[in-house]
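Subject: Structure for your files

Dear colleague,

Please find the structure below. My notes on it come after.

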Amino acid sequence: MITLIAGAIITLAVFSYLLGDNLLYRWALALLVGSGVGYALAIVVREVLVTRLTGTVRSLYLVPLILGALLLLKGFPRFSAFGNISMGFIIGVGAAVAVSGALLGTVIPQVRDTGAAVTLQGGWSPFLDGLLALAGTILALFAFSPRVRVARTAEAEAELPRPARLGTWVQQLGRGFITVALAVAFGGALTSALTLFIGRWWAVVGAVMEAISRLTGS
Amino acid sequence: MIRCPKCNTLNRDSSRFCSECGAPLYRTRIRCPQCGTLNPVGNIFCDQCHTRLVPAEETPATPAAKLTEETGPRVQGISLPTRPAPAGESGETGAQQPMPDWLMGFLGPETPEPGETSGAVPDGLAERAEETAAPPEEPVTPTELPDWLTSLAEESAPAAVPSRPELEPAAELPDWLTGLAEESAPAAVPSRPEPEPAAELPDWLTGLAEESAPAAAAPAPEPEPAVELPDWLAGLVEEAASPSPAAPPIAAEEGIPDWLSGIMEEVPAAEPILEPEPQEPEASLEPAALPDWLAGVLEPEETPAQRPGAPAISAAPAPDWLSAWEEDIEEEHPIGGREDLSAEDTWPEQQAPASESARMGAGEMAAEVPDWLRALGPRSGAVAVEALPEGLEQAELPMWLEQLRPPGTAPLDSSRAPEAPPGEEAPVEGLTRAEIPDWLQPYRPTATSPATGTSALEMAVSAPESEGPLSGLAGLLPALPGVDAPAHFAPTMAVPLPQTVVQEAQLWQQLLEGGAGAQGRPKPRARVTWPAVVVRVMVALVLVLASLLRFSETPLAQPPEQPNVSALYATIEALQPGAEVWIAFDYTLADVDEMDFIVEALLEHLLSREARIVAVSTLPEGPGLIADRFAWALGRPDVSPDSLVSRGFVAGGTAGVAQILTSATADAGPHLLVVLTSRPEKLKAWVEQTAVINGARLAEGKPALPLVAGVSAAAAPQLRPYLNASAQAGWLSGFSGVAAYLQARGLPPREDISRRLDALLVTQWLAASLLAAGALFYLLAGKQKTG
Amino acid sequence: MFKRILPTAVAISAGLLVLLGAFIPVDPLPQIRAVLIDWAMFVGAFAFILAYLQLLRVHLTRLRRGGKGKSTSLWVVLSALVVFVLVLWQGPAGAVGQTLLRGLLAPGQSALLALTAVTLLLSGMRLFKVRRNLGSVLFLAVVLVMLIGSIPLAIVPYQGAMGTVVGVADWLQRVPALAGMRGLALGVALGILLTGLRVLFGMTRPHSDD
Amino acid sequence: MTTDLWLRPLIALGITLVAAVALTVIGIRHRQAPPRYLRDFPIFRSLPGEVGRAAEEGALIHVTLGSGALTGEDAMTSLAALESLHALFDLAAAYDTPPLITTGDPTLYVLADDWMRRAYTRLGNPERYRPALVQFMAATPATYAAMAATYLSEKGSGTTMMLGAFDQEVSLLTDAVIRHGGRAIGGAVSPLGLAPLFTLLEPQQLVLGEDLFAGGAEATQRSVFWASLGVQDFLRWLLVAGMVLTALFSVLGVGGP
């Protein structure tokens, strides 16, 4: 019951932002920020540091413990340089994980699936869809190419050599496909937000009804 | 449009490289943060206001350090993003001697090329710099020497002059001073394809060419020949440069005229800048041996039609005061027509008195010719030059000199010309003390102690040592300016600056200091207009009503049929009892209201298949969510606690996912991986690391790990490429997906699910109509404005 | 030494080991990759401690200085300290942790994201004020089709028209939006690849003082 | 399907080696003769200009870097955002009108704090650096965006820069920009983050996806960054060739789907 009532109060406080930037909203936000950071740090300390330092292979974590301590020196400007090694380690590992993930999880599967979608096995309609998806992906890729020379004004267009004018067309079409993608993402985000919006107001009404029923005993 | 110096192609203003030949189109310097002056990269202090450009402990060891790819150019001091000049293009990097201070004062902040907003200079400051700087003239590039001088330069230019990228000339200087500025940073002297035909020199100058030719023939031992300032300026330069005696002019021993040799040693070649200058076309580069000020002087004004970098076509027009007597000379002694005149009788002393018109009101000064002109000396073939007009100081100053007179200073008469400052050595034999024009006098920095009028430095030198082994003795240790100077040592200008200049400096100072102070005065915030608040509140109210009210008893919406939902259902339905299923709770607390329905729908189905659930999360709030959902699951009938295992939080995002899945390759690995997320990068991480793990599992001969997903409606569009690629095993998204999944399971429709689906349908339609209304409003509002 | 050379050496060696562990699934490389990744998470936890302390310092300074925003800083500091101690003591599954989660954190953050329903609508309505070109017309048309077509109407008479809108919405998501998303994702993947390679080969050293 | 999974690491290793070799070759060729043409990115060149304008108006520059962790998927996105602000750090330190930099991830906060301190050290006066210039604001994206938005109303921001890993929560920031006025520049890689920015910003103020990774080249002007763009272009053609070949094989029915 307490969580329901508290949830309703914090929801109304947050929605008061719609009326204007007021103190109630600021306090609710401050409470959320403070408790969110405290909660997350407690989880990180408990689940990451304590479990590993008290676990069976404690000795394995001597090196990261030293790196972690060096990282804390970043809080003191004078000794900040000693923390560079820890940041180097984090950024090096993060870069490798990102690169391997990008190649293995995005580049290779997407290239394969874009090509594989162009197939005659499912009939003409999937074939045309696949072909359009292939063309759209290639155009969207070239929308970013720095080598595609783009003329923004009529005179610049006239000056561009003929093959380069194709670049302007490629980029405009590529941007068209990307605009459709952003529009679909905007629709999805709005749908998701509306779902949360409905959920929150149903929770507020539910809490009020619950409180009334508790008070009136019915 | 910018014209490419290399191939003359027109490029858009903002282009960085030529679209035809790819030559870089922009320059670089170090912009002083205090006053905005662009300083040569080698500077440690700003030439204009002496602000330190280089961090205290990192003064560059050697100014000529090689530019390497890794270290890149040693960015000395506050460097705006400077595009490193590849070593190949800019020629070797030579040491650049900073231009003498007194000269820099004239050059003022360099204004950016017209049309090129040097992106690194803040627009506001760039505009202010333009307002204060004089209107930029068409820069006289040092390359367009008149033919007659270029030939002269060839003869006098030593063969081994290293090529040096030319510096950008100060734009708004008068010609004769521009020459000076460029001289201190002489143009590169590449090898010339073919010698220019020797143009007809005016007589008084031809002598100069021959006399300086033999000197040039002798190879300059080393370093590059510095061009000698005319005496009236050289004297000034020696004083301003440093107390140490200037190196003996090289030209003196080899017979180069004084005014030429003085310049050559005083102002050595400038260091090349980092940024590759637009390469001037080969043909038009001018030799370094000739003093540019002279080239500037003897060059005709560059006609606007002659664009910088264009091949030099005609000699620059001589300034008025010179061209005035060239005409006179023409009338009486046509140039080139008088080969018979011998070297002796071509100089003014022996000339017939100048014609009345040439004197410009000459008084008794006819005999006393200024040194810099006397040094030109009698030349063989040079036409007898009429006596100069009245002493330059007295004569009505020519237009190009007038511009330089500081505002408010009345022309001084020569009688008040200051004597040589005390402590000046006796004039060196063969060098006559130059009479410094009066308008230059006020700008000679003098260090006088307020009380006695003697230089504070001399007081420091004459005071006896107070301690140490030399105590009691005086004058033994050389006085190091700035180190031994007494505390109250304050160099003062001979003449107080005019009020306007002081006010302007104060304004600049306030602007720069005010930066921090102004921080406290936040920019007035745009008042939130009440129509905006009304629209905001109306939109919110409408959405709240649409969410809560029930519009019809029968359900308005029906769950969509989605193939991916059916595939998900089939995958879970195919699980064997007791199969291990890993669930990743990777949605944030903000998405709880939407994701709870998805989690409940999937958990319910998995538990009905008697699967063993292992929950994990890569978000700090994950363990709490897991505990909450497990509490909900334990509240259901026939669910045993040991079928719900929580591995808690694994930090590190993608790294955490990789770490979780690394242990998945152990023998008791999971049979299905369910990812519940509302953040696209989380699912991308799981999909990508699953691909890595499946590669490893494949190597061990195990079947690949299937992946299914439950994602929020917001994340679905972005994850569709990934979900199609790997999650062939199916996925569902958003609240409508939950409704479709329950329908796929054939369960009776739930009251709360259908009401919520109706509310979602109505709010979506409402949102669509509001968007359309907004678009219509602004379209019409736009038409009215344009109409 | 500490400023430049050692951090760069550590970054390159650790990075290459993790990269090879992913590309060459031959023992012991994957194991080394797992250990190094685990260590990175461990060191990352210390970064969280540092960030937490800095957050407290900023708000304590605002508290000390007084003036506007003093009360909000007080709320932040108090809630950060109290929640940290309680959840550290009982853990996330404890009574305090669960109550906090269900009573404060989840509803509060959900409400914040629910606010985006209104803010997205408001910024979507001003689209034609900011951009008046073909792109924004295409954007608005697709959004409208997505909103109307994502949930089919159950009312029979609209079945025909509704079907086409739902069909168009589905096609939009399956083909053009998919192509745009893939183009965007592949472009970003190339950017990630090159930025990562620059770090792994020491060409850019974001971690060192140079 | 299974051969493909085993083959995938090998192809990935191949692409990485090709990219490394191309980066070296294009880097060397680029230093000798810069590429014939490169699209410029005026938005990144205008970033330093904002510092001057803010210095004149006495307004605040608010840089929000998003919540991309350095160990997570968005590590390189956050790093690219920082690199595109490289010139801004130096200029801000020089004019002493430092921006307020906020982030929602601890590791990104530590790195941004380092960069700001180094900018002051490069200027020669490390003592003028104040730790409050870079702030870690909140642990979750939604609270981070909401808290960052309140700073706009409090400090009257002159320019708001939203560059980095954002998702739907960036809409709270764009709403604050609409309400409190001021200039805005935005860039993200995820469509969820780009969609709200698309409705708020004009084309020349928006950085779309891969363009965010070109910010480093424009800001630092180092040839290794320009060479990276050249390699990205080279690999782009490689991917297109791969897609077309796969499509051909798929149409001809060679090789499984």
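Predicted model: local features only at pLDDT ≥ 70, side-chain atom pairs only at ≥ 80, totals over all residues.

Residues are numbered from 1 along each chain as its sequence is written, and chains are lettered from A and ligands numbered from 1 in the order in which they are written.

Confidence

The predictor gives an ipTM of 0.88 and a pTM of 0.66 for the complex. Among the elements of chain C, the lowest mean pLDDT, 82, belongs to helix 7 (residues 159-174), and the highest, 93, to helix 8 (residues 176-200). Helices (H or I, at least four residues) and strands (E, at least two) are DSSP runs, numbered from the N terminus.

Interfaces with chain C

Contact here means that the C-beta atoms of two residues, placed from the backbone, lie within 7 Å. Between chains A and C, 99 residues of chain A are in contact with 101 residues of chain C. On the chain A side, the elements that give two or more residues are helix 1 (2-15), helix 2 (23-53), helix 3 (62-72), helix 4 (84-116), helix 5 (124-142) and helix 7 (162-216). Helix 4 of chain A supplies the largest share of that side, 24 residues. By class, the side of chain A that touches chain C has 66 nonpolar, 26 polar and seven charged residues. Nonpolar covers Ala, Val, Leu, Ile, Met, Phe, Trp, Tyr, Cys and Pro; charged covers Asp, Glu, Lys and Arg; the others, Gly among them, are polar.

The contact between chains D and C takes 52 residues from chain D and 49 residues from chain C. Helix 10 (223-252) is one of the chain D elements that give two or more residues to this side, and its seven residues are the largest share. The side of chain D that touches chain C divides into 33 nonpolar, 12 polar and seven charged residues.

Strands of chains D and B

Strands pair if DSSP finds at least two bridges between them. In chain D, strand 1 (residues 60-66) and strand 2 (residues 100-103) run parallel and are joined by three bridges. Strand 2 of chain D also pairs with strand 3 of chain D in the parallel sense, over three bridges. D:Thr102 is the bridge partner of D:Thr64, and D:Gln135 in strand 3 is the bridge partner of D:Thr102.

In chain B, strand 5 (residues 580-586) is largely enclosed by the rest of the structure, because six of its seven residues are buried. Buried means 20 or more other C-beta atoms within 10 Å of a residue's own, exposed 12 or fewer, and partly exposed in between, with C-beta atoms placed from the backbone. Strand 5 of chain B runs parallel to strand 6 (residues 612-617), with five bridges, and pairs in the parallel sense with strand 8 (residues 672-677) over six bridges. B:Ala584 has B:Val675 of strand 8 as its bridge partner.

Backbone details

B:Glu610, in the loop between helix 19 and strand 6 of chain B, has a positive phi of about 55° although it is not a glycine. The peptide bond from C:Asp27 to C:Pro28 is cis, with omega near -10°.

Regards

Terms used. pLDDT = per-residue confidence, 0-100.
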